[in-house]
Amino acid sequence: MLRMKVLDEEWVLAYSELAVILAEEYGDGPLEVVTDDEGNEEYTEKSLERLEPYYEEAENILYRIGFTREEV
């Protein structure tokens with residue numbers, strides 16, 4: 001099993017990206033993204049609501065494959 005400690009910032013990025021994958025694969029398809037005038041992209045409110053149930057599952061998957069958060 002993988003044993004890897006990651007910093008909090010990396011942890012949040014990893015479980016967030018994994019939650020997106022889970023939501024798109026097991027939810028209602030791709031999440032909606034909007035782009036502002038400066039080219040910044042963000043998820044719509046509806047997409048953020050769709051993501052919510054997947055965050056805990058994503059963290060559990062990371063723990064199961066051997067990732068842990070490094071205490072700073």
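Predicted model: local features only at pLDDT ≥ 70, side-chain atom pairs only at ≥ 80, totals over all residues.
Setting aside neighbours within four places in sequence, leucine 31 is in contact with Val20, Ala23, Glu24, Tyr43, Ser47, Arg50 and Leu51. Leucine 31 itself sits in the loop between H1 and strand S2 (33–35). Its relative accessibility is 8%, so leucine 31 counts as buried, the cut-off being under 20%. Asparagine 60 gives a contrasting reference point. Leucine 31 and asparagine 60 are 29 residues apart in sequence, and their C-alpha atoms are 22 Å apart in space.

One of the partners of leucine 31 is Ser47. Serine 47 belongs to helix H2. At 1% relative accessibility, serine 47 counts as buried. Beyond its neighbours within four places in sequence, serine 47 is in contact with Leu31 and Glu32.

Now step back to the whole chain. It holds two helices and four strands. Along the sequence they follow the pattern β-α-β-β-α-β. The C-alpha atoms fill a box of roughly 40 × 30 × 15 Å, taken along the principal axes. Of the 72 residues in the chain, 26% are buried. Consider next the contacts with a separation of 6 or more. Residues 24 or more positions apart account for 61% of them.

The two helices pack against each other. Helix H1 spans residues 8–26 and helix H2 spans residues 45–64. Their axes lie 7 Å apart, at an angle of about 120°. That angle makes H1 oblique to H2, because 65 to 115 degrees would count as roughly perpendicular and over 145 as roughly antiparallel. The crossing of H1 past H2 is right-handed. On the H1 side, the contact is made by Trp11, Ala14, Tyr15, Ser16, Leu18, Ala19, Val20, Leu22, Ala23 and Tyr26. On the H2 side, the contributors are Arg50, Leu51, Tyr54, Tyr55, Glu57, Ala58, Glu59, Ile61, Leu62 and Tyr63. By class, this contact has 16 nonpolar, one polar and three charged residues. Some of these names have come up already.

Which residues form a salt bridge? Arginine 69 pairs with aspartate 8, and the closest N and O atoms are 3.1 Å apart. A search of the whole structure finds one salt bridge. Arginine 69 lies in strand S4 (residues 67–69) and aspartate 8 in helix H1, so the pair ties together parts that are 61 residues apart in sequence.

At 33% relative accessibility, threonine 68 counts as partly exposed. What does threonine 68 touch, leaving aside its neighbours within four places in sequence? Its contacts are Met4, Lys5, Val6, Trp11 and Tyr63. Tryptophan 11 is 57 residues from threonine 68 along the chain, and their C-alpha atoms are separated by 8.1 Å.

Note on methods:
Residues numbered from 1 in each chain as written. Heavy atoms only, no water. Axes fitted to C-alpha atoms, helices over the stretch in contact; angles between N-to-C directions. Parallel < 35°, antiparallel > 145°, perpendicular 65-115°, else oblique. Left-handed = near helix turned anticlockwise from the far one by under 90°. Contact = heavy atoms within 4.5 Å. Nonpolar A, V, L, I, M, F, W, Y, C, P; charged D, E, K, R; others polar. Salt bridge = Lys/Arg side-chain N within 4 Å of Asp/Glu carboxyl O. Buried < 20%, exposed > 50% of the residue type's maximum accessible area, 1.4 Å probe, protein only.
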